[in-house]
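Here is my note on the structure. Please read the points in order, with the model open beside them.

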Amino acid sequence: MDYQMINNNNNMIEEDIVIVGAGIAGLATSLGLHRMGFKSLVLESWENLRVTGFAFTTFTNAWKALDALGIGDTLREQHILLQGLVATSTISGIPTSHTSFTDPRGNSPQGHEIRCVGRKVLLETLANELPQGTIRFCSKVVSIEEQGSAKLIHLADGSVIKTKVLIGCDGVNSVVAKWLGLQEPVFAGRTSIRGHAVFKENEGHFFGPTFLQFFGDGCRSGFQPVNQNTIYWFFTHAQSILPQEADSMNTKQYMVKKLGKAPKEVMDIIEKTDPKSIVISPLRFRWPSNILFGSISKANVCVAGDALHPMTPDIGQGANAALEDGVVLARCLSRALLLKATDETAEYNNINTGLAKYAKERRWRSFELASTSYIVGVLQQGSGMFIKFIRDKFLSPYLAGMLLKRAEFDCGKLDT
């Protein structure tokens, strides 16, 4: 890999742009700035790149962002193009809707581009495009202090970094979001289980290029191929914990039971999954009203990715939105930095204006996605008889269409 760790020291260092968090939003923003000719320092609290979660669905809007960053084709070569989605009731075992990704739809005359992308592959691709020394690992931010127009970032090892621009891409528990005054994310009342099954090269898997979703009994699950040998799956349910969740076998048995009348081949995917790959986590989100009215940016500080819009995974747009954030933020900030500034005050005002423009562009989009995701989750995982009837008979095709509609968004190019 081309990225490297910068050795920590106890001396104050100065950087023009500091990004907290080497996740999707942080690396996308850093790469966008790099493409525009601006250097940034990315602080990551872990000792290496975080790859928890294994994979995520990349919709058309994400591919537009990846192309803007210049890495779309590299990722396309490694991941299967999905052709459609089939939603099935686990109660009846009958498919309730079929949605094609290839038919022309709305603003996508060529159809939708949807793939299941490995998180590790994406993060490493982003990181490898950055100059050496961009990422500083083992750098946990503990506090933020103001010094005139600059921000002082205090790290757990005692070192201090002074910066002109501070960007928080530090996830659900964001220190930067807290400094801005955004509310803490809240528990959604549901838990997510994720994993992946790997098949031998000479064995492969039975899945075609199709995204399978299952609903019923207060649960929602999905199965999709990443490549010819790997299936990624997720399972969300309306409980805060699993019975004996520390035991992976009990977790698998619980899921198989909840999948009801799903095909045996799908059950086999769960059985084949290595217990070490299973991740269980509570779902948290920021209330959409706080996204709409809260402080996304303040002077020379802003947030992006899950630090801005942590949302439930029900329309699969969390990571996609983080890529959009990276492109829009890099564009707005680089334009601001390119403006002529006669002194530090003028430069500070330009940065303030640029980040305010970013916040204006991303506020409604983030609100829309977070709101839609929350509502869809309630409808998809409702367990009442009335909700079951409405969902299975009428809502499945509508929800699938709405999912694709949200994916038609274009964040634009870096230099437009």
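**Notes on the sheet and the aromatic residues**

1. Strand β4 (residues 84-89) pairs with β5 in the antiparallel sense, over five bridges. Strands count as paired if DSSP finds at least two bridges between them. Within this pairing, L85 has T99 of β5 as its bridge partner. Strands here are DSSP runs (E, at least two residues) and helices are runs of H or I (at least four), numbered from the N terminus.

2. A word on the source. This is a predicted model, in which local features need pLDDT of at least 70 and side-chain atom pairs count only at pLDDT 80 or more, while totals for chains, interfaces and linings use all residues. Residues are numbered from 1 along each chain as its sequence is written, and side-chain values use heavy atoms, with hydrogens and water left out.

3. Which strands make up the open sheet, and in what order? Seven strands line up as β5-β4-β12-β13-β14-β11-β15, with mixed pairing. β5 (95-100) and β15 stand at the edges with a single partner strand each, so one side of each has no neighbour in the sheet. On average, neighbouring strands of this sheet are turned by 20 degrees against each other, direction ignored. Axes are lines fitted to C-alpha atoms, and angles run from 0 to 180 degrees between N-to-C directions.

4. W287 sits in the loop between β15 (279-285) and α8 (288-293). Is W287 buried, exposed or partly exposed? Its relative accessibility is 37%, so W287 counts as partly exposed. The cut-offs are under 20% relative accessible area for buried, over 50% for exposed, and partly exposed in between (1.4 Å probe, protein chains only).

5. The structure holds seven aromatic pairs. One of them is F285 with W287, edge-to-face, at 4.9 Å centre to centre and 75 degrees between the planes. Rings of Phe, Tyr and Trp (its six-membered ring) pair if their centres lie within 6.5 Å; planes under 30 degrees apart are stacked, over 60 edge-to-face, the rest tilted. F285 has 3% relative accessibility, so F285 counts as buried. Ring pairs link F285, W287 and Y374 into a cluster.

6. W364 and F367 form a tilted pair, because their ring centres are 4.9 Å apart and their planes stand at 35 degrees. W364 and F367 are three residues apart in helix α10 (residues 344-381), so about one helical turn separates them. W364 counts as exposed because its relative accessibility is 53%.
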